[in-house]
Amino acid sequence: MTSLPTARTHRELWDAWSRLWNGDYALADDILSRTMRVNLPRHGMPDAETLCDGPKVASWIAAFRSSFDDDAGITGELGPFIVGDYAIGRWVFRGTWQGGRPAQATAPAGTEVTFRGVDILRFEDGRIAEYWLSDDQLDLYAQLGALGETTAADEEQPPGRLRRQLAGLSEAAGRKLLLDQVLDVAADITEHEQTRSASGDDSFLDLGVDSVAAVALSETIGELTGVALPRTMVFDQPTPQALADHLWARLTRADDGSAVSVAAALSRLEAAVDGLHGDDEPDETLRAELLTRLGALLDRLSPVPEPAADATSLETASRQELFAYLDSRLKPADHAG
């Protein structure tokens, strides 16, 4: 006969809670109440009402840890002090930031951080029934360059700030940052908190993005990145990872100044043209020059029909083919007469 598992003591639950924060996610469903209550600071935190059971809390913790190296974690610094059904203790988190959240961070990937906090747990029926968090998140944000005095860079619109962040990251870190951005937006729109910690390989449809959410997603991602995205984006780029890769190709340029991809160059050209429509009308000379040069580029992209090789080809050519052949050999007349 199999014996029932022994109920954990309050101290054992506290230690298991620490291991959960250090990446042992399988513990969550075993040590957390099915109706857990979470109390969080307002700044930079998810809606606490969405963190009501083991899997949801584990997803939130995994999303936080995803921005740090695998060895990152918390260690106890003071306590825990257990009184009745409550325990309180102070911890310190140490890790190496890999890029990602917070989105406004300016520190380079590889930045080592340390910050502290206090956890309070309430136990009930052998599980953790309630959790209070008080942490020095502002200290963490300061170490990641997400705070400070207002500068011209801080006043940049999101697309400019995002491009500047990407310029300081490796390709792997940059793609991860974009994936985190996409997942965060999808989670906010669908109100599915677990989406923040998704792998990025599930389709948007599987993540709960319906037709209405798809429109909001494309508009929000477009505002964040400055990249014009069609409303059919979730079909063109069916997974968050595919969209992040698409955005990377559109947003990045080589650090050594070498040629960028045509798509990325076109994206920046579109942004530059949008900038011409401010309070002052663009100079007519500039406008004419732009039209001329863009027209020349369009001509270079337009296919030119192969000239007819012999008289037989000319005899069998259609009227449109003959006109195209003549235009390829002669400059079109400005006017007839």
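Analyst: The protein has 13 helices and five strands, where helices (H or I, at least four residues) and strands (E, at least two) are DSSP runs numbered from the N terminus. This is a predicted model, in which local features need pLDDT of at least 70 and side-chain atom pairs count only at pLDDT 80 or more, while totals for chains, interfaces and linings use all residues. Residues are numbered from 1 along each chain as its sequence is written, and side-chain values use heavy atoms, with hydrogens and water left out.

At the start of H3, a side-chain oxygen of Asp-53 comes to within 3.1 Å of the backbone nitrogen of Lys-56.

Which residues of H3 are buried? They are Gly-54, Val-57, Ala-58, Ser-59, Trp-60, Ile-61, Ala-63 and Arg-65. Buried means under 20% relative accessible area, exposed over 50%, and partly exposed in between (1.4 Å probe, protein chains only). An α-helix has 3.6 residues a turn, so residues three or four places apart point the same way. The cover over the buried residues of H3 includes helices H1 (10-21) and H2 (28-31), together with strands S1 (32-39), S2 (73-83) and S5 (127-135).

Strand S2 contains Pro-80, and the peptide bond from Gly-79 to Pro-80 is cis, with omega near 10°. The loop between S4 and S5 holds Asp-125, which has a positive phi of about 55° although it is not a glycine. Asp-125 counts as exposed because its relative accessibility is 75%.

Arg-122 lies in strand S4 (residues 112-124) and counts as buried because its relative accessibility is 19%. Leaving aside neighbours within four places in sequence, Arg-122 is in contact (heavy atoms within 4.5 Å) with Asp-85, Tyr-86, Arg-127, Ile-128, Ala-129, Glu-130 and Trp-132.

For the protein as a whole, buried residues make up 35% of the 337 residues. Among contacts between residues at least 6 apart in sequence, 58% join residues at least 24 apart.

Methods
A polar contact is a pair of N or O atoms within 3.5 Å; within protein, one must be able to donate a hydrogen and the other to accept it, and residues adjacent in sequence count only if both atoms are side-chain atoms.
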